[in-house]
Each structure stands twice: as structure tokens, then as C-alpha cells.
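Hi everyone, thanks for making time this morning. Let me put the model up, and then I'll walk you through a few places in it.

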Amino acid sequence: MSPLDSETQQIVAAVVDRLKDEPGALLPILHDVQNALGYIPPAAVPVIAEGLNLSRADVHGVISFYHYFRDTRPGRHTIHLCRAEACQSMNQKATEVHAKHTLGVDYHGTTANGAFTFEPVYCLGNCAASPAMMIDEELYGRVTPERFDAILADWGKR
Amino acid sequence: MSVTIYVPRDSAALSLGAEEVAKAIATEARTRKVDVTIVRNGTRGMVWLEPLVEVALSKGRIGYGPVTAADVRGLFDADFLKGGAHPLNVGPVEQIPYFAKQERLTFARVGVTDPVSLEDYLAHDGYQGLMRAIGLTPADIIKEVTDSGLRGRGGAAFPTGIKWKTVADAPADQKYITCNADEGDSGTFADRMLMEGDPFCLIEGMTIAAVAVGATQGYIYLRCEYPHAHRALNAAIEAAYAEGYLGGNIRGSGKQFNLAVRLGAGAYICGEETSMLESLEGKRGEIRPRPPLPAIKGLFGQPTIVNNVMSLASVPIILQKGGEFYKHFGVGRSRGTLTIQLGGNIRRGGLIEKAFGVTLREILYDYGGGSATGRPIRAVQVGGPLGAYLPESQFDTPLDYEAFSNIQALLGHGGLVVFDDTVDMAQMARYAMEFCALESCGKCTPCRIGSTRGVEVMDRVIAGQNRDFHVTLIEELCDTMLNGSLCGLGGLTPYPVQSAIRHFREDFSK
């Protein structure tokens, strides 16, 4: 595990310091660390554990329990493609196959140019406009393979 | 004079281009030097018409939809600001049969108001329930809720009034109100639409609950997949604090209630109440054995109300108009309204709030207009990924809790996912097991191991290996999971699997 650089160390320590007295502080801390860094570096675990008087195993156990938390650096943007039943009923599979082919990665992978990380998600709550997809915090509906390409081209320009 | 135009900010509308439409209208109005006020409302729930642009005229709100940014210039040319004729003109929005035939109690304001404007909320009957509750004794508030017949809308359908009374009667220095907003079931989006479209309604419901049971702290446990709802809730909470509807002395009543939003992290199991409490305490979302009930020993070991968004959002109108008013809607032991969410392969998907008792067929065909692909509807999964698949022969079942349990199905949160005749039900049964394996918290063996074995056995069924033997094996496995799991995840995963085998046996012998 690579050590945190001093800037990252400061960011993590500041988050812990700000939230550690909240009741049930661990999830809010993990969210804020991931919001700031894009992921929760393994070297941040001891800092968080010490701040909350927990064991490192406790903190690691929580991080690994939740799908949303990640311990590796993601691409610049994260694509979440919904895999749940409503999307399946509208041929989500075609979009999934197309997306994997276009991006050149499987689920949980990051594109070679570092632009996108591709993740599955189980329901985005957009079931009347399936298939659904989210890029960072922007939601898309009726994502056919053609629309996937158009959306991706749009993000490529950002 | 400025014309008011409504363009939804609901994420379903945004997912279909509402942001671009709002920008295009603003730009076009500037170019033409027309004075318009754009209000970002919630959605009316008619997702097939989104983005649905509404123009406020003296004769009511006239709708245009579905609008794309490219249509905007044409709408101005057609004089849409005066309700002009245009192929996208759908007439007065509240007279569209899909909308007009609903009984909107919980969703009365959603799509009508500016969701984050407290002023707008107050102008549309907002906080009348709380104001009345403050003048009542806690016992009388709980009596109204009990009399209304309200049952937990999260799926378990437990009488809300009884849960509240248990917490009210539990002696403690600190009690909590928690809202389960971890709406993870596929085919459900009512919680999201309410939180994005009328967040004050949920806040008011929680505040009434707090006054009723003597709780001073509340948490909304929101799934992190809902960033728009997160922003709307935070904006509404801030406004409620600023005007004394939350905080140390609610509207001068001497009552105290503080409220915060906590984000989940993509674990489906945290929609189970004890797992949600663990997560709120900052732990892995593993199930707690019951008893003790959360109402006695819940968050941080204190008496805690855990209610779903829809349950809590139904409370303001019950307190405003009385339990008797609410009870008047519905059938049998299912009183009030159900917020039906129609999704998947359906022509007119969206949210339909109706009194209990409407049949599945009416929803699928009269409202939904049949499948999106135009092919016959073959199966409908009701109540999320743990709900049964129903065949056409069961479409006349009325939507009420007891009628559904009579056919070994669940009404759950009221989500309907529609499949046309291209669906392979053996694959859907396999997926149910796969989902359970992925989302199991690992606490109990039937769920943790059973789901993984279930995927393997389904793979053999699908591959045609010793098929009858393996179908029998999966039925036995379902029996073990159903009877031996600690909570609803392992305990209900058999529902979609067994119903698929029962009603669509031909897909298991291809």
C-alpha cells in the first residue's frame, strides 16, 4: 500500500476531524473522502480508524461491504449502467454489450485513456424511461446503443 | 406581463432532456424579447410525456410534451405562451385522463409547485397537518394515524399507528425518527419523485411523527444513487430551519426536532430496516435478529420509528383532513391510496396514485396502453426484485395487500415492471438468485449460500442438464431460503423464482 502524499493526508485528516463527533460518523466520512479524492486510498484507512477509535479491520470491513465505495482510483467520469429488471425488459443487454465493446472494458474497468470507469448499478429509479444510465451525477433515460454513443460523444467534448 | 412556464426538474424529466429544454426556452424568450418566468416543478408522473412543459394560463395549465430542445423555436412560433395549437399540445394537463382519473393525496402537490419553495408549499396546504398536530395530544395524533388505516408503504404493510404507539409508549431520553429512503427495488421511483417534487411533505410527515412520539432527532437514509433528491431535501431542510419548521422550538410550540440526510452507499440490503439502522450507526449493513424490535431498541439502542418515505409523506394529509377522510379511500384492510409505479416495457409509464382496489389490468392497459414494443404483455413483476411474476391470467387481481398475498405475491412498494413475450423467465429466475447473491449481507446461511447455489442450479436448468431433477432441486432450495432466512432478502428471493416456475413452466423445459 502506497503512503498518502502530504496533501491527501491533510484532506483525509480534515474530513475526519470535521465529522468524527457526528453520531455514526463512518459513512459520512467515507463519502466525503471519496467525494474529495474519487476513491478511498488504502493508506487512508489507518487515519480514519484512528480518528474514530476503530480498528483498521472495522473500517476496511465497512468499505468493502458497500458497492459504492472503492479503493482504487476511478477514471475522470464514472458511468453507471442500470442492470435491474425494468431496464432488462427494455433490452438493456444490447446497450450493455455495446457499451462494453465501445469502451473496451468490462464492468468495473476503466478505459485505456482514463476517461471513464464503467460500473453496473441496480436501479437508478428511472424505470419508466428504461434503460437508464448515469454519468457522474447526470441521469439518462431510454439509453439505446445509438443514444449511448451520442451521450458519450457529448461527454468527450467536456 | 410575464408568462409562467413550468419545466420539470425531476430527474426522470432531466434524463430525457428537460435541462436543455429549459435553457432553450430561456434563450428563445430573450431573443424574442418575451417576458417569461420559468419554474422548475416536480413531475406530474406522466413520464411518457416528459419533458412536459406547462404554460400557466387563466384557463389552467396547458401542456406540451414530450418536448426536445429542438422543438422550442416551433413552440414559440405556434404561440404556445397563449396555449397555441401544436402537434405536442396535450391540452389542459389536469384533464389528461391518465392524470384526471387518479386520486392524488400524497402526490397532491408534486408537479404543481416549485419543490424547494417553502412559500409555494404553504400556499398549497403545506404544514397544515403539522399545525393541527401541534394542537393535539400525542395520543390524539397517533389515533388519527391509526384511524386512517395507513399501513407501511415500504412493502411490509405493518399498521403505522401501532408502530408509532409502541415508540410513544417506550420510555427513553432519546428517541429517533428514521425515514427509509433506500428505494432500491427495480420498478420503484415514487419515493424519488416525492423527495424531488415535494420534499417538504416528507419533512412535515417526519416532524409530525416526532411530535407524536417525543423524538427530537431524525435521519433520512437516502440511497446515494439519488443525487437530485439529495439536493432537493437539503434545500428544503435548510428552508424549514430558516422559518422555524425545524429546530429547537418549532413555530413557537416548544417542540424540538432536528433532521439530517444520511447517504447510503449502494447496498440494497440497507432497505431492510435493521440493516439500515446498522448503516446509520456507521457499520456494515448486516441484519439484526429481531426481537428486539427497532421500535423498542433501534438506532443507537433507542426507541426508533423506521418508516418508508410514502408512509411518512401520507401523514400530513391524514393530520390535515383527519383519519376518517383518508380511510374513505381503498378497500378491505388496504385503506387510502397506493402510489403505483408503472415501468419497464410499457407505452405510458409513470406514477399513478390510486385508491387500493384498482386491478392490474386497468393499470397495464387503460393507463399504460400496453407494452412499449407493441407485443403482448407476458409477465409483470410486482413489488420489486423480490416480488412474484404474474401471468396474464392473474391480471384481474385488485391491487390490495390481501388479494396479493392470496395469490402468493407481494404488492410491496407498488412497483410494476412489465415484460413482453420476448422475456425468458428461466433467465429472470436465474437473475433473481444472482441479485440475491450479490446483495446478501452474509449474515445467514440460507441467503448467503443458497443464492449462490441457486445461480448454479439455474445455470444447469438453462443448459438442459438433468432438467427435471434440477427444477425440483431449485424448488427445494427455495423452500429452505423462504423458511430459513433472517430477513426478506433471502426469504423473498424465492417469490420471483417459484412464480416463474409455477406460471411459466414452459421456459424451464426449452
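Let's begin with a cysteine: B:Cys447 is buried, at 5% relative accessibility, where buried means under 20% relative accessible area, exposed over 50% and partly exposed in between, using a 1.4 Å probe and protein chains only.

A word on conventions. This is a predicted model, where local features need pLDDT of at least 70 and side-chain atom pairs count only at pLDDT 80 or more, while totals for chains, interfaces and linings use all residues. Residues are numbered from 1 along each chain as its sequence is written, chains are lettered from A and ligands numbered from 1 in the order in which they are written, and side-chain values use heavy atoms, with hydrogens and water left out.

B:Cys270 is in no disulfide either, with the sulfur of B:Cys441 nearest at 8.9 Å, and B:Cys270 is buried at 0% relative accessible area.

Now the interface. Here 38 residues of chain A are in contact with 60 residues of chain B, contact meaning heavy atoms within 4.5 Å. The area buried between the two chains is about 3600 Å², with 58% of it from carbon and sulfur atoms; that is the accessible area (1.4 Å probe) that two parts lose on being put together, summed over both. On the chain A side, A:Phe65, A:Glu85 and A:Tyr122 lose the most area to chain B, together 19% of what that side buries.

Three salt bridges cross this interface, each a side-chain nitrogen of Lys or Arg within 4 Å of a carboxyl oxygen of Asp or Glu. One salt bridge pairs B:Glu434 with A:Arg83, with the closest N and O atoms 3.2 Å apart.

Last stop: B:His413. Is this residue buried or exposed? B:His413 is buried, with a relative accessible area of 5%. Its side chain makes polar contacts with the side chains of B:Glu183, at 3.2 Å, and B:Asp191, at 3.0 Å. By polar contact I mean a pair of N or O atoms within 3.5 Å; within protein, one must be able to donate a hydrogen and the other to accept it, and residues adjacent in sequence count only if both atoms are side-chain atoms.

Notes:
A disulfide is a pair of cysteine sulfur atoms within 2.5 Å.
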